[in-house]
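Subject: Predicted model for your review

Dear colleague,

Please find below the sequence and the predicted model that I am handing over to you. My findings follow directly after it.

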Amino acid sequence: MQKKILEFTNILRKSGIRVSTAEAIDAFHSLDELSIDDREIFRDALRTTMVKRGEDVPAYDELFELFWSGFYDNLRQAFGQATAGLEAFGMDLEQLMQRLAELLRASGGELGDLSELARALLTADLNALEQLIREAAGQAGSGRIENFLQVGFYSRRTLDQMGLDGARDELRDLAARLEASGLSAAEAQALQRLIEGLLEAARRSVRAFTERELQKQNHDYMEKFRRETLLEKSFYHLTEDEIRRMREVVERLAQRIKNVLSIRRRRLKRGKLDLHTTLRRNMSHGGIPFELVFKQRKKDRPKLVILCDVSSSVANVSRFMLQFMYSLQEAFTKIRSFVFVAELGEVTDLFQGGDIGASIEKALDGGDVINVYTRSNFGYAFHTFWQNHLAAIDNKTTVLVLGDARNNYNDPRAWCLRDIHLKAKNLVWLNPENPSAWGFGDSVMDRYMPHCDLAEECRNLRQLSAIVDRLIL
Amino acid sequence: MFDSVEKVRQSLAEQAYICDAKIATVVFLANRLEKPVLVEGPAGVGKTELAKVVAAATGRNLIRLQCYEGLDEAKALYEWEYSKQLLYTQILKEKFTAVMAGATTIREAAEKVGREDSVFFSHHFIVPRPLLNAITSDTPTLLLVDEVDKSDPEFEAFLLEVLSDFQVTVPELGTIRATRRPLVFLTSNNAREMSDALKRRCLHLYIDYPNAELEQRILDTKVPEADKRLVEDLVAMMQRLRELDLKKVPSISETLDWARALLALNASELTEDLVNQTFSVILKYEGDVRKAQGELSKLLQRKTAEAEAQAPSRAAAPPAAAVKKGALH
């Protein structure tokens, strides 16, 4: 049992559920306290001691089913079919076994002469068989199976390891010997049938076992894949479902940053003792300092101006970036957001309402202020900004530009960006393209780069959160 | 104490808390292993309630520590009573003069006072907060750390020390060890992920929205006077609502509120009007109400269709009753 639990722990770990040694020990302790006959309680006990995240529960449940329930049931089914065939001959397994033993003894042999596997097969001893299959599969390395095409291979190897061919010869040999020593024709036929049935059942069980191994491994793979990729996956290829789940991830990341912020702000409050104010405030206590006052250092929160390219090629990046920024609203004094393709328009007002998600979708659609069905023209957009909104920028403003700088061979008008840069505290450009592609084709990133304090590739959530981290901290 | 999982369930049920085997198992283990329990789950599924009923069922004293942003050791563990200390120094001024009498230098005077300073840092001047109370209590206690996700990461780290050893160190007094280990419940709404270190030290319990059968049993226990049919309708409606993409999904506490509200209105069955009037009890956002209304009419239509299909004779009955009623007038 102990071994099996350890094995299960390993499988949980492989699927990305963190189980520490201390937790595994807790699991053992909990099983000391409970009877493990009740499957539900057993499952809950292992879960509560080892799985500590709500999101992991579905994965745990699946794995638990896979691991603890039944291979034994599979075996019983397979061998049940094999022995059921006997009834057609009007005898049951026990009867036949007795008869066999008699005959064997008469001819000077006994069942004990057979190999372990052959004996287990003949007596349909499921516990022994399960043990044998598990051992053989372990030696054959079934745990390393990776895809469906390998099921045949590993099944074969497991069978070889078990020595099923040997057992088959033994059993056939036995049948022949018994027939020679006076088994009736009907009995002989029944025996033959039984042996073939048992062999087939063994083969099928091994295959089933291998498939289960594959499922376990596959499960690990799928889980890991799901979790890691969302952070790593490029914004360019996201399905609807992924966009939905991504939103949750963004929310969680934003929450994390908020936590860090709150600590930092509190630390700032713990300044030095402000002697002047303390004395003054405690005059009413006769100068005895009941209330202490500390000097507070001030930390100015940045103002943020976001310029978002919302052309279809980068819409997803804009989406998450806007969500990120507006989830962190309190970290900034003010956020003004503009969207552009060729025309540029302000969409700050859209975000006055409560629901960030809906506002973002509206903004990405042009927010009734710009036409999104044109070809990108960064130069024109920056020029418009320079003409109409340059006053929005002062020396506390961080300007965040998001776009691929694919300008369709229009005039880049980099001087507009230069002026913006001169007025702002910082200018950060996030480009969803790989830096090696910047400046090639119709990309004018190289022309804009000199005017950026920071130009970064931002292709997935991990990069995005790293940049946001740097912006605020 | 509890000797089996089933026993836990029974004693919780006696406290009018209906739960499944999952919750009972965790409570049982927490009792046996003396480990803290971290209860997570959406708001209003009865996390805090669980701690309360466990306290009642085991006869423990409930000590509650409500977490919030900015909660620190001084408010959770202990605090020196600064004003009291000051007050005493004022009152005892003359005594001090007496103590210092005979001292010729400042150093000598300071030494003399120093010999007495432990007076001011003794149990007399300490204000115990929930954590210290839980540890020093002579009677068995249950410590409920509510909404631990609202606290700051530093506080969480500090909590770790308390939870693993059940001892705290007050520099002036030394280490205080728990005479009786309190049973600890921490609840979290998942506003932020708790650290792995904390999770490792706790048993974990995730309470989700109850399934229909469980919800019905909860309603039967908590609002026994409600009509059986009404309860069924209510539960069906709630289960449907939870599948919608709502901003604030109504949970079991809302179901109970709703049942009580409907009861106050003397309802014995859900009708569209009635639901529309009382939607505000379960849905807290305008957008959610609008979404739910569409769903509601669908559900009620299906219900009437089913009722008609099942009992066409009963459907025909009301007119007759109406006639009778009319005859009375």
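**The nonpolar cores**

The largest nonpolar core holds 88 residues, and the members that touch the most others are Val37(B), Leu131(B), Leu205(B) and Leu234(B). Helix H2 of chain B makes the greatest contribution to this core, giving 7 residues. Once neighbours within four places in sequence are set aside, Val37(B) is in contact with Val26(B), Ala30(B), Phe185(B), Cys202(B), Leu203(B) and Leu205(B). There is also a second, separate core, which comprises 58 residues and includes Leu304(A), Val339(A), Tyr448(A) and Ala455(A).

**Chain B: composition and sheet**

Chain B contains 16 helices and 9 strands. Of its 329 residues, 30% count as buried. Where contacts in chain B join residues at least 6 apart in sequence, 77% of them link residues at least 24 apart.

In chain B, 5 strands make up an open sheet with parallel pairing, in the order E2-E5-E8-E1-E9. Strand E2 (61-66) and strand E9 (203-206) of chain B are the edge strands, each pairing on one side only. From one strand to the next, the twist averages 20°.

Within this sheet, strand E5 (residues 141-146) of chain B runs parallel to strand E8 (residues 183-188) of chain B, and 4 bridges join the two. Leu142(B) has Leu183(B) in E8(B) as its bridge partner. Two helices that pack on the sheet deserve mention. Helix H2 (residues 21-33) of chain B touches strand E1 (37-40), E8 and E9 of chain B, and its direction makes about 160° with that of E9(B). Helix H3 (residues 47-58) of chain B touches E1, E2, E5 and E8 of chain B, with its direction at about 170° to that of E5(B).

**Helix H9 of chain B**

Helix H9 (residues 153-165) of chain B consists of 13 residues. From its first C-alpha to its last, H9(B) reaches 19 Å, close to the 18 Å expected at 1.5 Å a residue. Which residues of H9(B) are buried? They are Phe155(B), Leu159(B), Val162(B) and Leu163(B). An α-helix has 3.6 residues a turn, so residues three or four places apart point the same way. The buried residues of H9(B) pack against helix H8 (130-136), strand E6 (167-170), E8 and helix H10 (196-201) of chain B. Just after H9(B), Phe166(B) adopts a positive phi of about 50°.

**Chain A: composition and sheet**

Chain A has 19 helices and 6 strands. It comprises 473 residues, of which 33% are buried. Among the contacts in chain A with a separation of 6 or more, 74% are between residues 24 or more positions apart.

An open sheet in chain A is formed by 6 strands in the order E3-E2-E1-E4-E5-E6, and its pairing is mixed. Its edge strands, each pairing on one side only, are strand E3 (344-346) and strand E6 (454-457) of chain A. The twist averages 20° from one strand to the next.

Strand E2 (residues 334-340) of chain A pairs with E3(A) in the antiparallel sense, over 3 bridges. In this pairing, Phe340(A) stands opposite Leu344(A) in E3(A). Helix H14 (residues 315-327) of chain A lies across strand E1 (303-309), E2, strand E4 (397-402) and strand E5 (426-431) of chain A, and runs at about 165° to E1(A). Helix H16 (residues 378-388) of chain A also packs on the sheet, where it touches E1, E2 and E3 of chain A; the direction of H16 makes about 45° with that of E3(A).

**The contact between the chains**

How many residues does each chain bring to the contact? Chain B provides 24 residues and chain A provides 25 residues. On the side of chain B that touches chain A, the elements giving two or more residues are H2, helix H5 (82-91), H10 and E9 of chain B. H2(B) gives the most to that side, with 7 residues. By class, the side of chain B that touches chain A has 10 nonpolar, 5 polar and 9 charged residues.

Yours sincerely

Methods
Residues numbered from 1 in each chain as written. Chains lettered and ligands numbered in written order. Predicted model: local features only at pLDDT ≥ 70, side-chain atom pairs only at ≥ 80, totals over all residues. Pairing = 2+ DSSP bridges. Axes fitted to C-alpha atoms, helices over the stretch in contact; angles between N-to-C directions. Contact = placed C-beta atoms within 7 Å. Buried ≥ 20, exposed ≤ 12 C-beta atoms within 10 Å, placed from the backbone. Expected span 1.5 Å × (residues − 1). Nonpolar A, V, L, I, M, F, W, Y, C, P; charged D, E, K, R; others polar. Core = buried A, V, L, I, M, F, W, Y, C linked by C-beta atoms within 7 Å.
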